[in-house]
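Dear colleague,

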Amino acid sequence: MPPPPPGYEGMAKDIIMTTRLTRITKLLPFLALFATLSGLSGQDFPEADINPGTVTVDGLIDTVWDSVAEQALSVDIDQTSPEAPDFSGYWKGLWDSEHLYILMVTTDDVTVPWPGFSFWQFDMTEIFIDPDNSKGDSYDGMNDSQFIWPRNGEGQIPFTNPLGLTLPFEMEALVQGEGVVVLEVALPLADLGITPQAGTQVGLDIYMKDNDTGLASRNHQISWSPSDDEAFRNPSLLGTITLVSETGQSWYGYPVDSSGWADTGSWMRYVNVTFDPWIWVVDLATFVYIGDDSGWAYIPK
């Protein structure tokens with residue numbers, strides 16, 4: 001655990017393991033958060049900040065993508081231990097005032113045609129999206145959506161998509177190379193009901209399926225979030241992306257200004273994250289430690 005911010009007198013206490021906290025009543029609303037961060041409330045789901053940028057959707061990995069971090073599909077859903085060059089994948093994202101751009105790159109030594117049935121058993125790339133990040137345990141029938149593309153180029157398959165969105169040709173592009181398939185799409189923010197501003201959070205998962213034989217039995221399936229092959233019906237298992245500003249500064253999805261201040265609304269109101277993971281909470285007039293290994297509070301003497 002890092003030391004407290006310089007020049008501040010006080011003491012640290014573990015809020016999970018001790019009952020000897022002063023001012024404990026003021027910290028009670030945050031106990032659920034601390035439990036989550038200390039691994040006490042179950043599975044961790046991935047998060048990613050999405051920087052602004054505009055993309056020409058052509059299926060080519062243009063230079064605009066060079067500085068964007070790869071998000072590996074590292075979850076082995078079928079527990080079949082795929083390895084490159086047989087099968088692996090990653091995605092990247094950018095956003096502007098109109099679109100959420102997603103680049104999905106699959107390494108696959110064999111790509112077979114989709115025969116028109118049982119798409120879940122063949123070479124597919126899928127996007128699962130919860131536009132308002134409501135994370136219900138079933139699709140809400142309003143905007144929770146699934147987009148599916150066969151990697152042999154047969155075009156998008158309309159499926160679980162209550163908005164009826166099928167991307168026009170200028171908003172999707174699939175390019176097949178030797179052992180690599182690049183799929184680039186532009187999802188329309190307005191149609192999905194996503195507010196194009198820094199701090200907006202969206203539920204997201206990416207799946208890739210692998211079939212090397214042409215038989216109706218896939219060889220592998222990988223994903224970004226550990227959704228256990230349930231993303232098609234349970235948005236609560238999706239990861240979370242946050243649209244961030246040019247500076248890329250955000251804290252738990254809240255925009256951070258140049259002085260380190262963030263307005264977390266009804267959660268903790270105004271906080272300063274300059275010394276993150278030591279967070280100054282204005283309403284508590286104290287530092288709170290929020291780390292990856294345990295929950296701590298910094299209480300003044």
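In these notes, buried means under 20% relative accessible area, exposed means over 50%, and partly exposed lies in between (1.4 Å probe, protein chains only). This is a predicted model, in which local features need pLDDT of at least 70 and side-chain atom pairs count only at pLDDT 80 or more, whereas totals for chains, interfaces and linings use all residues. Residues are numbered from 1 along each chain as its sequence is written, and side-chain values use heavy atoms, with hydrogens and water left out.

A search of the whole structure gives seven salt bridges, a salt bridge being a side-chain nitrogen of Lys or Arg within 4 Å of a carboxyl oxygen of Asp or Glu. Among them is the pair Asp-78 and Arg-218, whose closest N and O atoms are 2.6 Å apart. Because Asp-78 lies in the loop between strands S4 and S5 and Arg-218 in the loop between S11 and S12, this pair ties together parts that are 140 residues apart in sequence; strands here are DSSP runs (E, at least two residues), numbered from the N terminus. Asp-78 counts as partly exposed because its relative accessibility is 26%, while Arg-218, at 17%, counts as buried.

Arg-218 also meets Asp-229 in a salt bridge (3.4 Å, N to O), so that Asp-78, Arg-218 and Asp-229 are linked in a network. Asp-229, at 27% relative accessibility, counts as partly exposed.

Elsewhere, Asp-123 forms a salt bridge with Arg-151, with the closest N and O atoms 3.4 Å apart, and both residues are buried.

Best regards

Methods. Helix = DSSP H or I, 4+ residues; strand = E, 2+ residues; numbered from the N terminus.
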